[in-house]
Amino acid sequence: MAPIILLLLFLFRASDAMKLLRAQEPIRKTTYRLSKPLVGDNGRIYTCSERNFFAFESNGSIAWSVHINYTCYVDIAPIQDEFGKVYLVAENKILKINPPNARNPESTFEVFFGDTLTTEGSNKISGMAVSVISSLVFITVENRGLFAYTLRGQRLWSAGPVLYRSGYRIGCKRNITDCYFTSAPVVDQCEASVYISNTYGELYSLGIRNPQFKWIQDLSEFDKLLTITPGNNGLVYVIFPVKALLLALDVSTGNILWQKNIGPLSTTDCSPTVDSNGWISIGSLDGFLYSFSPSGVLRKFPKANVLDSVVLVSPLLDCSGYAIYFSQTVMEGKISRTIGDFTYISAMKPKNVVFTVLVPDTGSVYWSGTYTGQFASFLNESNLQHFTMDERILLAFVTAGNMGNPLSCRTTRQKLTSSCSLAKPTHLSIYTENERTILLFLLFESLVLIVLVCVVRFCCIFWRKEKLKDQNLGKFLEERRSLRIRKKEFDRTITELEQKAAEEEALTLDVMEKLGDLMKERDGIERELSTTYSLGRDKCKSVSKSILPLSDDKAKSFSFKSRKQESATIFHTLSDPDTSSRKGTSEYSCNDSGSSGSFSSSSSRENQAKNLVYYEDKESALKAKKKVESDEAGPSNSSAGILKEKYWQSAAVATSGFTHPLYVDGEKGGGSSSSKSNWLKRRTLSSTN
């Protein structure tokens, strides 16, 4: 019994001693680690710690906070859309944080992505991005694929790393079993493209509105681990941290435009920053900030190297879009060694941090300050004293405070507009994958169009015929066929008569009248074929001036050609009462060569006889004059040749100048009645040699 009592007394005294020791210990402050921050357009810093989300003012005070039911990721920074909503990754879910406003003074959150995922495959979220222009959110789920959602949470599309097109596999060229998207998606706001890489070092370019691949560039020859940064200026940049290599690719084709070597990089945080002038800047463990122009021109900051400094975190873009903030950490016992193609940096512990703001395009340095100065005291007096400070948090507050920057701030859209204006238009090729397949498709499409045109034409013609179906189409076609046969017979008969007349070099009045009648009937058939009896396909050809006899009811005129291509024209004459008894008679005369002749006949008793003679030149007119004189002396079988120059003269005044048209009758011309009578019986000839 006694030993038990002694044991209880010992335990009681020991507990009193422990309480005394605890009371003598100083009270330790509880500190929390903050996640990678986001600097918003309003100058606030958004970050989370465990299950709490904070919005800090630039002076270090907490603007508002919200308790979330999930533990957030510290290595993935929040993102913000154009409406001020903040998206946060926490426990394989994406939370949508609603900041307080006039309607709702309390901040709230909701699960935006993650509840609908199945148990198949991994649910780990590799990264997310937001398209400010298109109002879309892109999420990469490891070993699952890329998902596109609207801001309201509606799923737009999803895509995997492998696509089969025309029987060919696109993507994951080396291996398909363990090939999946690993990098966070990045959005090119100007090109409306999404870039992402897989486990085998292949870079993909996809459209924002559809999951089709624009191009795939295999970069595995450099390394499988890479970081993607959109330039928003017609370029997309790729960083290989292990190789310390920077590539600039064309956004249209994925071709490498240039590549540059930089200093050794930190594999944990090496994302570059692109300003509104198109310069890309990235910090190196050698203590320098490397800035490259869109064409690949290099500038290093600062000019004087601090041997013991390193750049551990990515630079941040100033609110103006032109300036860059970066930090240099001064280390104790820094050692640099180069083995082969790789450089290794080792150090003991950090001593101080130097912050600098500059414009890479001009090389101007506006401000530089250290952590141990006024900035450190202000942090110790704010709410930040309860949190662990690292270079990322410190740089975010320096950037949000706009320290030492004389440039005016701009919105995100203004920055994008300035950056997109740097992009130069390039020739886009429609041949993104298999050129032969596309050419065959275009050829097939052309053939289909040709067939469609033929079918449409056939249908139009058939429709025209169908309109006449109820109007005795068979009889119509039969009459049309008979008219065409009759036309051919008339053509053959007329040709035979012309050849016969040309061979015999003589043409009687009966033959001429027959030719005229045939000609008239053939013209009537042609008119019927081209109008009444046509389906719209027969066209009336222009009818040349006839060389065959033409006639009407009162007078007749004849024209014809002989074998020697000579023509004769007979003008109509109307007889006077003295010659009316000669109605129905005609006379024919031939010149010396027998090549042409003319005819005239009287057909009226009421009109006075008149005659017009057409001369082509004066020489022919003189010849005609001589012939007239010889005819008055005695009958002759010769005729005067008349050509086609513009001289009209009467036979009674053929000897006068041949310059004006004269009409010869009983009162004019000065001829006697006998000469007048003889002239009315005379033939008028015209000839062309």
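Let's start at T227, which you'll find in strand β20, a stretch covering residues 227-230. This is a predicted model, so everything here describes a prediction. T227 is buried, with a relative accessible area of 18%; the cut-off for that word is under 20%. Who does T227 touch? Setting aside neighbours within four places in sequence, T227 is in contact with Y237, V238, I239, P241, C270 and S271.

Now hop over to another threonine, T140, in strand β11 (residues 136-141). Its relative accessible area is 0%, so T140 is buried too. Leaving out residues up to four places away in sequence, T140 touches a list of residues that includes K124, I125, G145, F181, P185 and I196.

Time to step back and take in the whole chain. It has 689 residues, and buried ones make up 42% of them. The secondary structure comes to nine helices and 43 strands. If you take the contacts between residues at least 6 apart in sequence, 53% of them join residues at least 24 apart.

Strand β33 (residues 350-359) and strand β34 (residues 364-370) run antiparallel, joined by six bridges. One spot to look for is T356, whose bridge partner in β34 is S368. The two strands make a hairpin with four residues between them, and G363 in that hairpin takes a positive phi near 80°.

Next come the aromatic rings. A pair of them is described by how far apart the centres are and by the angle of the planes. The structure holds 19 such pairs. Take Y46 and W64: their ring centres are 6.3 Å apart and their planes sit at 55°, so this pair is tilted. Y46 lies in strand β3 (residues 45-49) and W64 in strand β5 (residues 62-67), so the pair ties together parts that are 18 residues apart in sequence. Both Y46 and W64 are buried. W64 also forms a tilted aromatic pair with F53, at 5.9 Å centre to centre and 40° between the planes. That pair links F53 in strand β4 (residues 52-56) to W64 in strand β5, eleven residues apart. How accessible are these two? F53 is buried, with a relative accessible area of 0%, and W64 counts as buried at 9%.

Elsewhere, ring pairs link Y32, F54, F56, F387 and F397 into a cluster. A ring can also meet a charge: the charged end of K300 sits over the ring of F288, 4.3 Å from its centre.

That leaves the cysteines. A disulfide is a covalent bond between the sulfur atoms of two cysteines. How many disulfides are there? The count comes to four. If you number the bonded cysteines in sequence order, they pair up as 1-2, 3-4, 5-8 and 6-7.

C172 and C179 form one of these bonds, with their sulfur atoms 2.0 Å apart. The link is left-handed, at -80° about the S-S bond, and both C172 and C179 are buried.

Another disulfide is formed by C190 and C420, with a sulfur-to-sulfur distance of 1.5 Å. Its torsion about the S-S bond is about -80°, so this disulfide is left-handed. C190 lies in the loop between β16 and β17, while C420 is in helix α4 (residues 412-420), so the pair ties together parts that are 230 residues apart in sequence. C190 is partly exposed, with a relative accessible area of 26%, and C420 counts as partly exposed at 25%.

C319 and C409 are joined as well, S to S 1.9 Å. Their link is left-handed, with -55° about the S-S bond. This pair connects distant parts of the chain: C319 is in the loop between β29 and β30, C409 in the loop between α3 and α4, and they are 90 residues apart. At 19% relative accessibility, C319 counts as buried.

C459 is partly exposed, with a relative accessible area of 42%.

Terms used
Residues are numbered from 1 along each chain as its sequence is written. This is a predicted model: local features need pLDDT of at least 70, side-chain atom pairs count only at pLDDT 80 or more; totals for chains, interfaces and linings use all residues. Side-chain values use heavy atoms; hydrogens and water are left out. Buried means under 20% relative accessible area, exposed over 50%, partly exposed in between (1.4 Å probe, protein chains only). Contact means heavy atoms within 4.5 Å. Two strands pair if DSSP finds at least two bridges between them. Rings of Phe, Tyr and Trp (its six-membered ring) pair if their centres lie within 6.5 Å; planes under 30 degrees apart count as stacked, over 60 as edge-to-face and the rest as tilted. A charge sits over a ring if NZ of Lys or CZ of Arg is within 6 Å of the ring centre and within 35 degrees of the ring normal. A disulfide is a pair of cysteine sulfur atoms within 2.5 Å.
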